[in-house]
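Q: I'm new to this one. Could you walk me through how to read it, feature by feature?

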Amino acid sequence: MVNAAEMGRLPVVVIAGRPNVGKSTIFNRLVGRRQAIVSDEPGVTRDRKDGVALLRGRRVRLVDTAGLEEAAPETLFGRMRASSEQGIAQADLVVFCVDARAGITPADAHFANWLRRQNRPVLLVANKAEGRAGAEAAMEAYSLGLGTPLAMSAEHGEGLADLMSEIVSLLPDEETLAEKDGEKPLRIAIIGRPNAGKSTLLNSLLGEERMITGPEAGLTRDAVSVMLEDEAGPIEIVDTAGMRKRARVQEGLERVSVSASIEAMKMAEVVVLVLDASRGVDEQDLQIARLIEREGRACVLALNKWDAVKERQATRKAISDRIDISLAQMRGIEVVTFSALTGEGLHRFLPAVRRASEVWNARVGTSDLNRWFEEAVERHQPPLVDGRRLKLRYMTQAKSRPPTFVLFGTRAEQLPDSYKRYLINGLRETFHLPGTPIRLLLRGSRNPFVKQDER
């Protein structure tokens with residue numbers, strides 16, 4: 001894992017070109033995994049996506065960008081182009097891709113002319129140049145005036161080794177980073193319904209227009225990871241596509257986007273569930289929260305667009321009551337109110353995330369745990385099962401992340417759910433474990449005086 005400070009020192013290689021020339025496929029090939037969503041549909045990539053690639057022994061920060069298209073600045077495609085241009089402005093090397101099968105288009109020529117004026121080293125790549133015919137077609141890219149085109153086929157892996165060598169040869173001289181175990185970043189995933197303000201939140205935290213935002217729902221399609229630091233250390237934040245009700249997810253691309261969101265949630269330590277506070281909590285928000293709980297992630301409830309709420313006290317109470325009733329397993333969840341657009345209340349966001357992470361990582365001393373356990377059992381005896389009372393002996397914490405406890409006793413596995421809830425609620429209140437999932441595992445023991453079946 002590369003921490004935020006190291007990430008900032010890596011040379012930046014930006015992959016650019018018009019839509020559907022194979023930029024994301026090249027990105028995935030170079031980082032060594034399917035990190036960016038790819039599809040035959042043009043314009044799938046909308047936000048810049050970062051990854052670290054090891055090329056010929058040298059680490060680089062690789063950036064996948066949206067397709068370059070001519071469009072008015074206020075339109076979606078205009079905002080996508082502006083995001084790509086911002087990424088190119090920070091590049092140490094631009095890999096400019098064209099489609100060898102389609103030939104050189106007026107858009108290719110236009111953006112090649114624009115690139116020459118940016119004073120950035122450019123490597124021209126003619127992608128989709130499979131076989132001899134493709135290599136011959138790639139030579140048409142000479143007309144762009146960006147040097148000798150490198151013919152390759154990212155989909156089939158042809159020319160990938162040459163691409164790696166060319167990139168490394170064109171990078172500025174830089175001392176190799178000293179290998180050291182940096183502080184691991186806190187991993188956060190931003191989850192929620194479409195148009196709740198997830199990308200606006202990330203932009204506000206970064207202080208730049210890193211993600212494309214607008215009134216249109218569903219702008220973010222891929223899970224995009226960025227690094228930042230606060231006073232406590234590095235943070236990796238993943239912005240994800242909006243998650244609609246399963247019955248409404250129809251297109252194959254949207255299914256892939258939702259899958260990427262769920263995968264990002266599984267890899268996170270803290271999941272931020274962003275809600276549009278002016279709309280309150282609906283069933284889809286609760287379904288997402290239940291998924292977070294099932295995966296055992298820490299959770300922060302982020303009430304965005306708080307500036308649009310008129311009856312703030314009543315709204316806060318209504319949302320809290322709904323959460324307490326519908327999500328008893330996450331009682332005491334961290335709730336933070338803010339406006340990502342104006343920045344009002346945003347200073348409370350990262351401290352709330354840090355507190356949720358601390359609870360998720362909490363450990364309880366064995367002596368304190370069993371002292372509480374004895375008192376809890378004495379206060380409320382276990383119920384009778386088949387006419388016999390269960391004998392619960394002791395409890396220990398097996399692990400954190402999330403806090404997981406193991407209860408030992410004779411026939412402990414028969415403990416009713418109601419008594420399990422009693423113990424979990426007691427653990428949460430006594431040891432200050434609000435809002436985090438708590439796991440309670442039951443381990444029964446055999447009675448040595450009861451003859452067991454011989455096997």
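A: Helices (H or I, at least four residues) and strands (E, at least two) are DSSP runs, numbered from the N terminus. In this protein there are 13 helices and 17 strands. The model is predicted, so to speak of local features we need pLDDT of at least 70, side-chain atom pairs count only at pLDDT 80 or more, and totals for chains, interfaces and linings use all residues. Residues are numbered from 1 along each chain as its sequence is written, and side-chain values use heavy atoms, with hydrogens and water left out.

Q: How do I read a sheet, and what is the strand order in the open sheet of 6 strands?

A: Strands of a sheet pair through backbone hydrogen bonds, either parallel or antiparallel. Here two strands count as paired if DSSP finds at least two bridges between them. The order is E2-E3-E1-E4-E5-E6, and the pairing is mixed. Strand E2 (49-55) and strand E6 (150-151) sit at the edges with a single partner strand each, so one side of each has no neighbour in the sheet.

Q: Which strand pairs with E6 in the parallel sense?

A: That's E5 (residues 122-127), over 2 bridges. Val125 stands opposite Leu150 in E6.

Q: Which strands does helix H6 touch?

A: A contact means heavy atoms within 4.5 Å. Helix H6 (residues 160-170) packs on the sheet and touches E1 (12-17), E2, E4, E5 and E6.

Q: What about the inside: what share of the residues is buried?

A: Buried means under 20% relative accessible area, exposed over 50%, and partly exposed in between (1.4 Å probe, protein chains only). Of the 455 residues in the protein, 52% are buried.

Q: Which residues touch the most other members of the largest nonpolar core?

A: A nonpolar core is a set of buried Ala, Val, Leu, Ile, Met, Phe, Trp, Tyr and Cys residues joined through side-chain atoms within 4.5 Å. The largest has 27 residues, and Leu201, Leu205, Ile237, Val272, Phe338, Phe349 and Val353 touch the most other members. Helix H11 (349-360) is among the elements that give two or more residues to this core, and H11 gives the most, with 6 residues. Leaving aside neighbours within four places in sequence, Phe349 contacts Leu201, Leu205, Val272, Ala302, Val336 and Phe338. Another core, of 26 residues, lies apart from that one and includes Ala189, Val281, Leu301 and Met330.

Q: Is Arg18 buried or exposed?

A: Arg18 counts as buried because its relative accessibility is 14%. You'll find Arg18 in the loop between E1 and helix H2 (23-31).

Key
Axes fitted to C-alpha atoms, helices over the stretch in contact; angles between N-to-C directions.
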